[in-house]
Amino acid sequence: MDGDEIITIEHVSKQYGKLRALDDVSLGVRRGEVMMIIGPSGSGKSTLLRCINHLEVPDSGHVVVDGVEVNEERGNINAVRAEVGMVFQRFELFPHLSVLDNICLAQQQVRQRSRRESEAVAKDLLDKVGIPEKITAYPAQLSGGQQQRVAIARALAMQPKVMLFDEPTSALDPEMIKEVLDVMVDLAAEGMTMVVVSHEMGFARNAAHRVVFMADGKIVEQGPPEDLFGAPQHERTKLFLSRILH
Amino acid sequence: MAGTRSDVQLTRRRMAWSRHLDTVPWWLVIVLAAGALVLFSMLSNERYVNALSYLIRGVRLTVFISVVSYLVALVLGLIAGLGRVSRNKLINTIATLYVEVVRGVPLLVIIIYAHYVVAPFLGTNRQPVFSGIMALSFGYGAYLAEVFRAGIESIERGQGEAARSLGMSYRQSMRYIILPQAIRRVLPPLGNDFVAMLKDSSLVSAIAISELTKLGQIEAARTFDTFRTYNAVAFLYLTLTLILSLGVRYLERISSVGRR
């Protein structure tokens, strides 16, 4: 994880009406790093994550992913997105497609892989996330945890350089959270660069290299999980942690 | 004890029966029975038989005009609907203009316009059927555009975001993710508009197309039997629209299978 910076965010600001969602945020993610972003709701953490693959367009500032400026002309945006996998809070599997087709579609359409090649990749990934038997199922037939694991497999099928997770376990029943976190921990252990917006302390302790605490559109403090959770420097951080750690 | 058990069984059986009765589409049973009765009494009356045998040619033309116009309207509506959700200002403006202007003008006026203004210009004024199809598809295209737009906008934003985050272009995400779901969702209103168009196709009688309504007018003028002639006309329209409604229901049922 001592690589170069794969994501560079410089002075990014974003305003929704009167709300300043992001206020001059700068942040770098190194290749192989697992970064967690925590903070109260409305702190701008999801907005920041979505700026990385241009689902949100910053009002000002720069986002560079693997040497490509994301903020500019539309021409390169699809290429950047193909290199950045994203996992959503509400899974967002395509309900009209089978699990197999969910994983194969973008491989064929964006990566121009053959059907056979895509299916082979899909099967490997379903093994990896532990649900090979669901290959012909439709999303509505799966539990939340299974859906989220398929969503992770779908993103991984593009062989992304970075994976973004936007509260991947918030919409799950408690007993399904672990199966998703296990997949994420494995992924982190393999050296995937990950940016995770989540409050799962277990994941933070087991897998995260750095935890970033955001509030009111700003980064308040950041550091290794043991420092940030063990000895937070700012009052705002202490207050937040006391609330979520009970 | 034995008596009690058989009582329970009897009640159960009765409940099962009443559940069956609840699932019967009673409106259809009544319509079919009334229809059979009407058809029977018509066929045993010579004047009705004459009217029906004359009108049946009009049914063929009505169905032809409706089907062709509807297919063209589907294409027009899909294009205009996509234009309505486009972020391209020019495309969006053209599509909105089309929808708002056409929806604000009575279909009959569009039909007359098509035949007496557009057709002479195109040199097709000897083919009123062509004018009729042109007008119906142009008019209904605007309605269907709104149906498609509503369908596209009803798909959760996250679906498009998921597709885009995988690197798909706007066009790819529309084609493979948004439209397949949107079209499934708007099948019922699309079907209803087909039924509506079949009825509105009677308006092309105004430009001397011998479809069902026009033949009804001719027959009524010839026999002075307005009552029976239009009974027969209404009966034939109702038969067509009922068959279509049943088709729409069936489509609705199969398209809702496997949905969340």
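Which side chains meet in a salt bridge, N to O? Here a salt bridge is a side-chain nitrogen of Lys or Arg within 4 Å of a carboxyl oxygen of Asp or Glu, and the pair is Arg50(A) with Glu161(B), at 2.6 Å. Across the interface of chain A and chain B, the rule finds one salt bridge.

Before I go on: this is a predicted model, in which local features need pLDDT of at least 70 and side-chain atom pairs count only at pLDDT 80 or more, while totals for chains, interfaces and linings use all residues. Residues are numbered from 1 along each chain as its sequence is written, chains are lettered from A in the order in which they are written, and side-chain values use heavy atoms, with hydrogens and water left out.

Turning to the interface, the contact, meaning heavy atoms within 4.5 Å, takes 24 residues from chain A and 21 residues from chain B. The two chains bury about 2000 Å² between them, 58% of it on carbon and sulfur atoms, where buried area is the accessible area (1.4 Å probe) that two parts lose on being put together, summed over both. On the side of chain A, Phe94(A), Pro95(A) and His96(A) lose the most area to chain B, together 28% of what that side buries.
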